[in-house]
Amino acid sequence: MSTFSRRGFICGTAALAAMATVPAIAATGIKTLPNGKTEIDLATNASLASVGAVVELDTQKYGKVAVVRTSKSANGFSVISLSCPHAGAIVKQSNGGWVCPPPRGHGSEFALNGNLKVGPAASALKAIKFTATSKKLTIA
Ligand code: FES
């Protein structure tokens, strides 16, 4: 029979909470293709191998976006616009998701994959089409 100490429980819970909130980092190995698409080299952005990892980048077509690793499958990513659908402020990563901070923003909250959690925004962060292989992710 195993026993759990209060201290062990608290430390384990804190470690899980820390893992659930992986801070976004700026993407590297980015190429803008002649057709305006953006290509991200996945070997250069090794953090994206881990589910829950986030990288942020500026794109020619969509402005500031985030790439979120959602599963281990080759296509297991979400690419979302970081422009708030309420009034266009740029959202920031917070508590395992995204928040639209003042003074420009009005406090809307979104899940890490962009789904709306709290208004005043009335919709999710815009999902952006992409294709992915084991080597690169291309934002349409
Ligand atoms: S601009 Fe984001 S909540 Fe208003």
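Strand S7 and strand S8, the latter covering residues 97-99, pair in the antiparallel sense, and 3 bridges connect them. One of the contacts between the two strands can be named residue by residue: Ser-94 has Gly-97 in S8 as its bridge partner. Between S7 and S8 runs a loop that contains Asn-95. The backbone of Asn-95 has a positive phi of about 50°, although the residue is not a glycine. Is Asn-95 buried or exposed? Asn-95 counts as exposed because 11 other C-beta atoms lie within 10 Å, and the cut-off for that class is 12 or fewer.

S7 and S8 belong to an open sheet of 4 strands, ordered S7-S8-S9-S10, with antiparallel pairing. Its edges are S7, residues 92-94, and S10, residues 116-118, each of which pairs on one side only. On average, neighbouring strands in this sheet are turned by 35° against each other, direction ignored. Strands of a sheet pair through backbone hydrogen bonds, either parallel or antiparallel.

The loop between S8 and strand S9 (109-111) holds Pro-103, and Pro-103 is joined to Pro-102 by a cis peptide bond with omega of about 10°. Further along, Pro-120 sits in the loop that runs between S10 and strand S11 (130-132). The bond between Gly-119 and Pro-120 is also cis, with omega of about 25°.

The chain as a whole can now be set out. Of its 140 residues, 23% count as buried. Among contacts with a separation of 6 or more, 41% are between residues 24 or more positions apart.

Another open sheet also has 4 strands, in the order S1-S4-S5-S6, and here the pairing is mixed. S1 (25-26) and S6 (77-81) are the edge strands, each pairing on one side only. Which sense does the pairing of S1 and S4 take? S1 and S4, the latter spanning residues 54-59, are parallel and share 2 bridges. Within this pairing, Ala-26 stands opposite Glu-56 in S4. S4 and S5 (residues 63-69), by contrast, pair in the antiparallel sense over 6 bridges. Asp-58 stands opposite Lys-64 in S5, and a hairpin of 3 residues joins S4 to S5.

Ile-25 counts as partly exposed because it has 13 C-beta neighbours inside 10 Å. Not counting residues up to four places away in sequence, Ile-25 touches Ser-47 and Val-55. Ile-25 and Ala-66 are 41 residues apart along the chain, and their C-alpha atoms are separated by 9.5 Å.

Leaving aside neighbours within four places in sequence, Val-91 is in contact with Leu-82, Cys-84, Trp-98, Val-99, Cys-100, Phe-110 and Leu-125.

The average pLDDT of the chain is 84, and 83% of the residues score at least 70. Over residues 1-21, however, pLDDT stays under 50, and for this stretch the model has 5 contacts beyond four places in sequence. Where pLDDT is low, the predicted coordinates should not be read in detail.

Key:
Residues numbered from 1 in each chain as written. Predicted model: local features only at pLDDT ≥ 70, side-chain atom pairs only at ≥ 80, totals over all residues. Pairing = 2+ DSSP bridges. Axes fitted to C-alpha atoms, helices over the stretch in contact; angles between N-to-C directions. Buried ≥ 20, exposed ≤ 12 C-beta atoms within 10 Å, placed from the backbone. Contact = placed C-beta atoms within 7 Å. pLDDT = per-residue confidence, 0-100.
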